[in-house]
Number of protein chains: 4
Amino acid sequence: MAHTAKYPPTEPFTVNPDDSVADVLNKMRKISFQGRSLGQAFDIWQQMLADRCTIWLGLSGAMTAGGFRNIVSYLIKNRMIDVLVSTGANLFHDIYESLGSPHFLGDPAEDDLKLREAHLDRVYDTYLDEDIFRVIDRWILDWAHTELENRPYTSREFLYEIGRSLSGIAKEDGILTSAYRAGVPIYCPAIADSSFGIALAGRKKKILPPFQFNLIRDVEETAMIFEFSAETGVIYIGGGTPKNFIQQSAVIVDREDYFGHKYALQITADAAHWGGLSGCTFSEAKSWGKIHPRARMTSVRADATIAFPILATGVADTARHVIEKRNKPVFEQGSDLGFAGHTLSDWQVPPLDRITMQALVQEKGLPHGLLPDGSE
Amino acid sequence: MAHTAKYPPTEPFTVNPDDSVADVLNKMRKISFQGRSLGQAFDIWQQMLADRCTIWLGLSGAMTAGGFRNIVSYLIKNRMIDVLVSTGANLFHDIYESLGSPHFLGDPAEDDLKLREAHLDRVYDTYLDEDIFRVIDRWILDWAHTELENRPYTSREFLYEIGRSLSGIAKEDGILTSAYRAGVPIYCPAIADSSFGIALAGRKKKILPPFQFNLIRDVEETAMIFEFSAETGVIYIGGGTPKNFIQQSAVIVDREDYFGHKYALQITADAAHWGGLSGCTFSEAKSWGKIHPRARMTSVRADATIAFPILATGVADTARHVIEKRNKPVFEQGSDLGFAGHTLSDWQVPPLDRITMQALVQEKGLPHGLLPDGSE
Amino acid sequence: MAHTAKYPPTEPFTVNPDDSVADVLNKMRKISFQGRSLGQAFDIWQQMLADRCTIWLGLSGAMTAGGFRNIVSYLIKNRMIDVLVSTGANLFHDIYESLGSPHFLGDPAEDDLKLREAHLDRVYDTYLDEDIFRVIDRWILDWAHTELENRPYTSREFLYEIGRSLSGIAKEDGILTSAYRAGVPIYCPAIADSSFGIALAGRKKKILPPFQFNLIRDVEETAMIFEFSAETGVIYIGGGTPKNFIQQSAVIVDREDYFGHKYALQITADAAHWGGLSGCTFSEAKSWGKIHPRARMTSVRADATIAFPILATGVADTARHVIEKRNKPVFEQGSDLGFAGHTLSDWQVPPLDRITMQALVQEKGLPHGLLPDGSE
Amino acid sequence: MAHTAKYPPTEPFTVNPDDSVADVLNKMRKISFQGRSLGQAFDIWQQMLADRCTIWLGLSGAMTAGGFRNIVSYLIKNRMIDVLVSTGANLFHDIYESLGSPHFLGDPAEDDLKLREAHLDRVYDTYLDEDIFRVIDRWILDWAHTELENRPYTSREFLYEIGRSLSGIAKEDGILTSAYRAGVPIYCPAIADSSFGIALAGRKKKILPPFQFNLIRDVEETAMIFEFSAETGVIYIGGGTPKNFIQQSAVIVDREDYFGHKYALQITADAAHWGGLSGCTFSEAKSWGKIHPRARMTSVRADATIAFPILATGVADTARHVIEKRNKPVFEQGSDLGFAGHTLSDWQVPPLDRITMQALVQEKGLPHGLLPDGSE
């Protein structure tokens, strides 16, 4: 048959009760629809691990409440990822669980006013103890104003220090504590948009100045990591600020031989046709230069609570030897991040030069008021 | 902590590279969101198999093109399901593959006019050979008008006979051939709405009368199976006519001790908030009396090509001993279906009685023109 | 700016409190995402009406329960559509409402067991009176076995006759009654998969034979309408059997100058990436030859209860003069459908000829058992 | 009929070509599914405007690229909203358009590498000019380091100052310029996670310190507005950081008579069953105390590019007299925000008191290391 020459045939999935998780994922590569995408994701993550690649995990959604704390912790400890970018909620819930406080198996149809009276906060089908959140709020407020210095902190440094302090009191290991020990940087671009923000807004005295986050330095640090990485790969669980933050870092880089992430996989329940960044395809990202023209990439349209435990288990199995001998990126944590022998003090992001700026304002018919008045 | 007493805690998923598929599914029961639903589905299917239960599979979507032929065939051979209700497309594509014709690994972004010229039909990321479809069309047309008798056929009998004939020429075993051998009934309520309809619409001579399907008898047979089953359980892949057909059969049954399906699980990417039957919850189905008030039930919001291979593999593993010694429902295939010692000839569906009809027309203020004129 | 020459600019939507519905739709054509798609749908429907085009409406989902009865009735009366293909549920619910029985404003979080006790069936946020359904079931059973002849009926003829009888007793005009009066054909390819099937399965006496639907003739009739239409256009609300049935008819047609629908719009909440027919793009349909290579087409990803009332109101406004002078397709209802001077008695669908069949079996390596034994 | 007494009947939608947008929305309240939700949203927004209510708009997604700049600008000018919380992207794209640069009507199936070569960035079906983005980046960098003082800025003050400067050079009015003139505060909790972050990361000289955002003060300001508002209402387009940021502010407030937002509506294509904050219901938010127990609230599951232009037009029409005489909240912009006679200097957020903290640590079995060492 002529077509078989050009297009490889699919291979219907065969049930084998003795199959490992990795066997199932391998077979999925030859079926269709999102199952095939998950099979491709399985391939791509293994390729990232085998290549000289800095691997980023973008973690959005309520994944700690969703049961992902130990998965992320495992990935950090075994260096199946190298940098984590997360929403604040996932990290705050991580503190909650590390202190020995469980989430609860709940019901999405429960009466929410009854839960309110019981001081239980609902996350779809899962509850958490509101009172313990308030305790952690107070702890973070006190900690930030007594343990930290009076200067702006990157979210990375702030979270590293929290990991350090938490390690001293935690009942269980989690994301922040394992990242602290492994030296894996965690960025949280919208850190004030979470219980961290709620906690730090609680000022005990009027004269206490608000805690300062050094947001722009977070941006610069991530761009620096991209610049000095041999290759980069990204894994997105959901979209949101973590995905956008990692994606935008790739376009800041001013390296002639860098054309975006070489490996990219995302697991999202969102769809491309709504136009948002969370659901957009990696093909779209190529137009922005965020993804390499010949990148290995796939989008898996699925709830991460189904797809990711399977994927992580399968890769942990298949890639165990690759992981052991992996040439892991090394970070030096501190006020400045050290990476590959560099810090921000010997690196900068060059802005558009003045000549090109003037030429573009002219060519594009933009207002001349945009032009800088002179000296650079 | 007080809450732990009332609500069991979640258990964050731990990665273990040596976990079996069943291990992963077991752990998912204690996490959140759709992962938990999949874990519940894993439980429920095992419970169906252990109970005295007739298990129905509703198969919608393009699942044969999606790579599911061998999965469904496995479920039939191992009697992990007892009755199949499917769209016509899944069965027609099954013939295609049983004849040795593969689907092809394609690209959703391919130029569809080029595919048209190459006689390739696209199903999202998968192609099939249009010319072979035309051959099968012609074969079915000839077969139906020469091999079958000149009388209306239920879709069940029609598909049983096709399974028989196909078994003689097929290169590989598939859904229709394994169902034929296992005596598992297959119903296809919208059979003309598929390539079967296209095939049978091709009349060679004007005088050849159209082939007749005995649709209402299909409805009656399925209701009869419900009536004489100890318990019933349903598994829906997608929604569509298969789900509706199985659900509606439950309400036809006139048995005092039957209150709907005792076990129900569905895997669908649809959402309840659009209002359609495909995405609706089993809770909604309780208002109609289709689901037992105390049924074990769950809806998994996921692409079946991800969730179902995993689920089927896990159940095949865990339930292997239960499956072996299972008290399987037995069907006698023929013009009339025999089940549990009964056929339609000794069973009937009693319509609303005349007295109640009159009372309701009066009470509800309905037009009297609805009333029958007299004798029953 | 160079890009403006090649790509027209978007025009941000401006709020004007005095805008008509049509004004809003016109502006949407120049914005982005699904709003743009809805604006395109507005254009395409107007173009269908202005062209010599047979316009098909595929109606899936629970749209009568959703509040669409009068919209569809309006489209039929004003001939903004020419042929309707529907699920059985939408037509059965139409009878219910035509008899003066309302649906009720309900709550998706209501206790379904309480509704069950109150004989209320829930459709997401809407309830209906179960007792009245049972009355209609009985009426249809009696009606079919006393008013109709003892021969197979196409769903089209059956529904035409029900429209006629319903017109005599209905309290309000609806889909079936207005289609009856306008001579607009209604097809229901899965008619037994609905309360019609439940009703007709209720056999009063064992000896009463089941009512017969002539499904294949439905397929042939729709193909004949395509063959003798100057152009065809399709409007899909949801997917399901109505979409598939209309789409498949286009490929049966054996007309050298027919290449599929010239105009196509769908409103669906489904997504293409699940691989199913309901959510697939019209581009995919081109590979199958269902859609014209240069068709005007758009998919609007939206709940029809939002998008369609707006769309129908806008088109009814803008196209009112086009609608008045429209050259409407004329159908002669009866046992055989008459269209454009033809009936099925002078038309046939030629199957694949024997020579090509033999050649393809050889070329594709298919089993020789597929070949007819000889004479044609 | 008994049921009508308890549950009001639905009213099928009737098409009237002369209906205004508001007429259509009014009718939708009596149909089902998401159409009903949109009808309810229409009611709720009108109620907010009529009440003594501070109205918040959370703007997520790529809505400026989507064509929403003039809608948001209209809402600000006519004070149909009082505070805006947005992603950075929507505000950066607003600058782009205010400078006279259009987005372009594109194609989601376009070759993204060709777009890359043409310096066009794609947002689903819409393109923008990459070169102009680079010009704006440079302008913002220069502007921030020359026009602003060397101290941390809230995102609110930063955006107010950008609105001021932009007003001097803009070719068209937009979100930032109209908010500047109307004194409407704009918050951007993840401002560095956008082209603002990219721009400010471009440091011309190594010694130039990174620009500082005063994130926690943003949090405190929004909480203060909630505290001194008579009532609060929220409108969410999409979810993301804007929704979370507004929702969390409600829980910071320490007012005995404040129980969360009294009015709440969201338009999102997300679903609740994925567990994320973006798609969650307002019922879930009640368990957190973010929504008033008796709030008027609805979630419309739809693409905002369809639902919001219609909703905004309808409310602008119906509520025009209410809007004119509305008792609008007044803000005094400056380094500190003034609202209702207060600034942050005379207000504070009390953290959990020390006694309760100790009691909870004991009761919940939390590590004693959480406790502050002593004096408050």
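Let's start where chain D meets chain C: in this predicted model, 57 residues of chain D are in contact with 57 residues of chain C. Several elements of chain D each supply at least two residues of that side, among them helix H1 (2-6), helix H2 (21-28), helix H3 (33-50) and strand S5 (126-129). The one that gives the most is H14(D), with nine residues. Sort the side of chain D that touches chain C by class, and you get 30 nonpolar, 17 polar and ten charged residues.

How do the two chains sit relative to one another? In general, two copies of a chain are related by a rotation about an axis and a shift along it.

Chain D has another partner to look at, chain A. This contact takes 92 residues from chain D and 94 residues from chain A. Helix H7 (residues 130-147) of chain D gives the most to the side of chain D that touches chain A, with nine residues. By class, that side of chain D has 47 nonpolar, 22 polar and 23 charged residues.

Next, step inside chain D and find strand S2 (residues 83-86). Side chains in a regular strand alternate between the two faces of the sheet. In S2(D) both faces are covered: D:Val83 and D:Val85 are buried on one side, and D:Leu84 and D:Ser86 are buried on the other.

Which strands pair with S2(D)? One of them is strand S1 (residues 53-59) of chain D, which pairs with S2(D) in the parallel sense over four bridges. Within this pairing, D:Gly58 has D:Val85 as its bridge partner in S2(D). To get from S1(D) to S2(D), the chain crosses through helix H4 (residues 69-77) of chain D, and this β-α-β crossover is right-handed. S2(D) also pairs in the parallel sense with strand S6 (residues 186-187) of chain D, over two bridges. There, D:Leu84 stands opposite D:Ile186 in S6(D).

Now hop over to chain A and pick out helix H9 (residues 175-182). Is this helix enclosed or open? Six of its eight residues are buried, so H9(A) is largely enclosed by the rest of the structure. The buried residues are A:Ile175, A:Leu176, A:Thr177, A:Ser178, A:Ala179 and A:Tyr180. What do they pack against? Their partners in chain A are helix H4 (69-77), strand S2 (83-86), helix H5 (88-98), helix H8 (155-169) and strand S6 (186-187). Just after H9(A) comes A:Gly183, which takes a positive phi of about 70°.

Our last stop is in chain B, where B:Phe196 lies in helix H10 (residues 195-200). Is B:Phe196 buried or exposed? A residue counts as buried if 20 or more other C-beta atoms lie within 10 Å of its own. B:Phe196 has 31 other C-beta atoms within 10 Å, so it is buried. Leaving aside neighbours within four places in sequence, B:Phe196 is in contact with B:Gly88, B:Phe92, B:Ile140 and B:Ile191. For B:Gln248, 52 residues from B:Phe196 along the chain, the C-alpha atoms of the two are separated by 24 Å.

Terms used:
Residues are numbered from 1 along each chain as its sequence is written. Chains are lettered from A and ligands numbered from 1 in the order in which they are written. This is a predicted model: local features need pLDDT of at least 70, side-chain atom pairs count only at pLDDT 80 or more; totals for chains, interfaces and linings use all residues. Two residues are in contact if their C-beta atoms, placed from the backbone, lie within 7 Å. Ala, Val, Leu, Ile, Met, Phe, Trp, Tyr, Cys and Pro count as nonpolar, Asp, Glu, Lys and Arg as charged, and the others, Gly among them, as polar. A residue is buried if 20 or more other C-beta atoms lie within 10 Å of its own, exposed if 12 or fewer, and partly exposed in between; C-beta atoms are placed from the backbone. Two strands pair if DSSP finds at least two bridges between them. A crossover is right-handed if, with the strands pointing away from the viewer, the path from the first strand over the helix to the second runs clockwise.
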